[in-house]
Amino acid sequence: MNWQIHLPALLIAVPLLGAFAAPAFANRRLRDVWFTVMIAATTVIAFLLWRRVGAEGIVVYVMGGENWHLTLPSGMRLPIRIIMEVDAFSAFMALSGSIVSFAGAIFSLRFLDRTTGGEKFVALYFLLTAGMLGMETTGDLFNFFVFLEIASVASYGLIAFWRNTPEAIEASFKYMLLSTIAALMVLIGVGILYGRYGALNMAAIAKSMQLGLPEKVALALFVAALAMKCGAVPLHMWVPDAYSQAPAGISCFLVSVSQASLYGLFRISFSVYGRALDTPAVAWIIIVFGILSMFIAVVMAVIQKEVKRLMAYHAVSQTGYMLLGVGVGLLALAHPQAMSEYGFTAMQGGIFHIINHAMYKGLLFLTAGSIFYASGTLDLNRLGGLARNMPYTTVMFVVSAAAIAGLPPVNGFVSKLLVYESSFAVHPILTVMALVTSILTLASFVKVFQSAFLGPARARFSEVREVPRSMLVGMTVLLVAILWLSFMPTWSLSRLVGPAAQALVDQAGYIEAVMGSGL
Amino acid sequence: MTGNLPFVVVGLLFAIGMALILFDKNLIKIAIGVSMVEAATNLFLIVLGYRTGGSIPVYTLAGEVKRMVLPTPQALTLTAIVIGVATTALMLSLIMLLYRYYGTLDVREIRRLRG
């Protein structure tokens, strides 16, 4: 179909339209309809784009050009326009992110009835969606910075949404300080690469990449900044504050937004630098970030007493698995034999873990939001016996907790197994750390389950009822996604994860889609 | 010799800004530090595109000239400045709210979230 050519542009344009029109909907019912319809449209577009990329390979879209596929107009040597380049990995991230944004939006509908200023919440939510999807589909480094800042500015506002609580303001300020510095570091890195190659397009830079000192400085800036933005230890201190203070629908979605920074990290190290990296140093740095994040964050999580803060530490810890998996893949990138033996499995594990984590951590945050909505507290010492009053929420919690702990047959088990198998080939200690982390994860979720849902009925919670239906619908979206990924692992690996890992490895294909094979 | 002078200024601005962010205890001064790092970044981009003796990169206004400064970094800087304004405004308003709740601008006393 012809209009499907414009899918990459629509993926950004629809949430932007949603954002800028949202303040006009002061009426509650109209606002809810607008929110639902536009976010559903974004998800459908992301799905269609994913299907198209699966069928036709990399989709390139030139913004503002006379022709959408004319990447090198009139014999130019470098692309001069802003190009969106969507390969299987981008489409995979966009699909995963938009499903979570849909679930978070449906969940937030009734949440907003308790506050004023809901239409501003909707506007910022759409801006956050647009920023995240833009980061994941752009093929231009500066454009990546711009979308990074759009997503960041929207998330400062949303984290501080309950601005009558000092803690929320403090969390937002902390995040803003780190995030602004990270974004400026990205911008300096982009400037260095522009100074060397006179181009901003990732494919064009990758084509002429020669690793010298300036490139190394730029790479160090990118890795440090994006590791900070995706919340890897030792730069994770904003994560527990921001995730625990934001409204639940936002915490759920922020997980996916920080994965967009993870996407940037992988995109830059694989597609822009890729084979020009002749040292294993970068891969080891990513692996060490991964191991540290996994272990330190899970130890911090075990001792938490507040449900959302505990879950936020787990978000850091689970990011470690993705860094470990894809880091092992980067280590094997230069050696075809190692790649086929364990590298590709590791990348599949890491990338599968991205979508798994987006779904189950999103669902966990939503169940935490439900607990708070229904009972008014998230303190584990005060909660208890909620399984009687909230049967559906309990089921959702059990499934997603099993998934994060990596219990078979739920989806977390599959991706963790892939990471264990392949990291063992690099060094057994990596696998040991990953296993210990998994056990501690299970321990801390057993603690939450036991103290929040089980136990005798508490008198002060006798009035607690199950949350409204729209919240349950939002949670069900993620529950279905988890069950789908759990019971169709072969389909997920061959149709969803395999192509994404392949696209990340295939640097030549990424360059060729923009620069052409001639030249 | 003046060729590398702008880069030295960029480095200085960056270092002063980072030092303020890392070591100062006053929120307003931290915000000033962020603005200085921003200014260093913008100056860096502009200097990258500068060509000695170049004219403005607008065809209709430049007249008959051989070299122009590069237009792309200027476009980048313009965008970065706009983003910087948004961030600074938001940062200052958050500082205002923090002052209202905590009654101080000292980062050591604004610490309810920990552990």
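Predicted model: local features only at pLDDT ≥ 70, side-chain atom pairs only at ≥ 80, totals over all residues.
Residues are numbered from 1 along each chain as its sequence is written, chains are lettered from A and ligands numbered from 1 in the order in which they are written, and side-chain values use heavy atoms, with hydrogens and water left out.

**Salt bridges**

- Side chains of opposite charge can pair when their charged atoms come close.
- Over all chains the count comes to 10 salt bridges, a salt bridge being a side-chain nitrogen of Lys or Arg within 4 Å of a carboxyl oxygen of Asp or Glu.
- A:D113 pairs with A:R110, their closest N and O atoms being 2.6 Å apart, and A:R110 is likewise partly exposed, at 26% relative accessibility.
- A:E215 and A:R196 meet through their side chains in a salt bridge of 3.0 Å, N to O.
- Because A:E215 lies in helix α8 (residues 213–229) of chain A and A:R196 in helix α6 (residues 166–197) of chain A, this pair ties together parts that are 19 residues apart in sequence; helices here are DSSP runs of H or I with at least four residues, numbered from the N terminus.
- Within that pair, A:E215 counts as buried at 0% relative accessibility, whereas A:R196 is partly exposed at 45%.
- A:D241 forms a salt bridge with A:R309, with the closest N and O atoms 3.0 Å apart.
- A:D241 belongs to helix α9 (residues 238–245) of chain A and A:R309 to helix α12 (residues 307–332) of chain A, so the bridge ties together parts that are 68 residues apart in sequence.
- A:D241 is buried, with a relative accessible area of 2%, and A:R309 also counts as buried, at 8%.
- A:R31, A:D32, A:R110 and A:D113 are joined into one network by salt bridges that share partners.

**Packing of helices α15 and α16**

- The axes of helix α15 (residues 411–426) and helix α16 (residues 428–453), both of chain A, come within 6 Å and cross at roughly 150 degrees, where axes are lines fitted to C-alpha atoms, for helices over the stretch in contact, and angles run from 0 to 180 degrees between N-to-C directions.
- That crossing makes α15(A) roughly antiparallel to α16(A), a label given to angles over 145 degrees.
- The contact (heavy atoms within 4.5 Å) involves A:K416, A:Y420, A:S423, A:F424 and A:V426 of α15(A), together with A:P428, A:L430, A:T431, A:A434, A:L435 and A:S438 of α16(A).

**Cysteines**

- The count of disulfides over all chains comes to zero, a disulfide being a pair of cysteine sulfur atoms within 2.5 Å.
- The sulfur of A:C230 has its closest cysteine sulfur in A:C252, at 18 Å, which is too far for a bond.
- Both side chains lie inside the buried range, A:C230 at 4% relative accessibility and A:C252 with a relative accessible area of 0%.

**Cis peptide bonds**

- Most peptide bonds are trans.
- A cis peptide bond joins A:V233 and A:P234, with omega about 10 degrees, and A:P234 lies in the loop between α8 and α9 of chain A.
- The peptide bond from A:P408 to A:P409 is also cis, with omega near 5 degrees, and A:P409 lies in the loop between α14 (391–405) and α15 of chain A.

Note on methods: Helix = DSSP H or I, 4+ residues; strand = E, 2+ residues; numbered from the N terminus. Parallel < 35°, antiparallel > 145°, perpendicular 65-115°, else oblique. Buried < 20%, exposed > 50% of the residue type's maximum accessible area, 1.4 Å probe, protein only.
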